[in-house]
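Here's a quick briefing to read alongside the coordinates. Keep the viewer open as you go.

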Amino acid sequence: MRTPLVAGNWKMNGSREANRALVSALKGSLGDIQGVDVAVCPPAVYLAEIATDLSGSVIALGAQDCSDQEKGAYTGELSGPMLAEVGCRYVIVGHSERRERQNESSAWVAAKFVAAQSAGLIPILCVGEQKVDRESGRTENVVAEQLDAVLDAAGVEAFERAVIAYEPVWAIGTGLTATPEQAQEVHAFIRNRVASRDPRVAADLRILYGGSMKAENAAGLLALDDIDGGLIGGASLDAAAFTAIANAAGERVVA
Ligand code: PGA
């Protein structure tokens, strides 16, 4: 059985004051929500204090990136063990904004995935095609390349302790959402690709959708067989919207 996960990617948003208000609103509105795992991924500089604010709540903490190295002369980077030490359970790796702006290759993302797991973190591996890839019929090729790099480096068993987020790049922050059919098609493709290496791992693997998921479209996406939650950007900064998505996910239980 796959428990859905709804994770908020705050990206480079927030301040001490805004974070306190958001966390306190979320603790109130999510309460002891059941049937769904919930996490927030704030900017790294705030992780330690948000970990304290979240203690005793159902909300887990995640980071937005981690180094592929454990320690040493890597100015500006943060290691998996550091993130784990301040209370993170999850870490996003390979977000398209980093693949693009920081030129993160699939091999580099795979090394981050391995490093995160060695530190006991659960990586949320982001994959997804650009608009031009979709328009030229290359969606599956792109997603396969991003996924295979990690499957090859980490081994399929590593996906017993990982989450995948399918995020079509053209849908991120644009207000354009993949239709439920488009999303389900790629989610099924991802699950089948993992299943070709190990069907049992694939059956238990949580595959989230990300890309302009909001309260209004969440239920339609989450109702689909292979969509096990969401990675939420913009709407995760609004406690009511994020809670509505978490509630929609909590109502979906996959046997
Ligand atoms: P969005 O971002 O919900 O604002 O589209 C999703 C993401 O980038 O993880």
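Predicted model: local features only at pLDDT ≥ 70, side-chain atom pairs only at ≥ 80, totals over all residues.

Residues are numbered from 1 along each chain as its sequence is written, and side-chain values use heavy atoms, with hydrogens and water left out.

**The barrel**

- Eight strands pair in parallel and close up into a barrel, in the order β1-β2-β3-β4-β5-β6-β7-β8.
- On average, neighbouring strands of this sheet are turned by 25° against each other, ignoring direction.
- Some ground rules: helices (H or I, at least four residues) and strands (E, at least two) are DSSP runs, numbered from the N terminus, and two strands pair if DSSP finds at least two bridges between them.
- Angles run from 0 to 180 degrees between N-to-C directions, using axes fitted to C-alpha atoms, for helices over the stretch in contact.
- Helix α5 (residues 106-118) lies across β4 (90-93) and β5 (122-127), and runs at about 165° to β5; contact here means heavy atoms within 4.5 Å.

- Five bridges pair β1 with β2 in the parallel sense; Val 6 has Val 38 as its bridge partner, and Ala 7 stands opposite Ala 39.
- β2 is mostly covered too, with four of its five residues buried.
- On to the next pair: β2 (residues 37-41) and β3 (residues 59-63) run parallel and are joined by three bridges, with Leu 61 in β3 as the bridge partner of Val 40.

**Asn 9**

- Asn 9 sits in strand β1 and counts as buried because its relative accessibility is 5%.
- A polar atom of the Asn 9 side chain is 3.0 Å from the backbone nitrogen of Lys 11.
- Setting aside neighbours within four places in sequence, Asn 9 has contacts that include Cys 41, Gln 64, Ile 92, His 95 and Gly 233.

**The ligand site**

- Which residues come nearest to the ligand? Of the 13 around it, they are Lys 11, His 95, Glu 167, Gly 173 and Ser 212, where near means that a heavy atom of the residue lies within 4 Å.
- Ligand oxygen atoms lie 2.7 Å from a backbone N or O atom of Gly 173, 2.7 Å from a polar backbone atom of Ser 212 and 2.9 Å from one of Gly 233.
- Taken alone, the ligand exposes 290 Å², and the protein buries 95% of that (Shrake-Rupley areas, 1.4 Å probe).

**A loop residue**

- Ala 223 lies in the loop between α10 (215-222) and β8 (229-232), and is exposed at 57% relative accessible area.
- Ala 223 and Ala 248 are 25 residues apart in sequence, and their C-alpha atoms are 8.9 Å apart in space.

Definitions and conventions:
Polar contact = N/O pair within 3.5 Å; in protein donor to acceptor, adjacent residues only side chain to side chain. Buried < 20%, exposed > 50% of the residue type's maximum accessible area, 1.4 Å probe, protein only.
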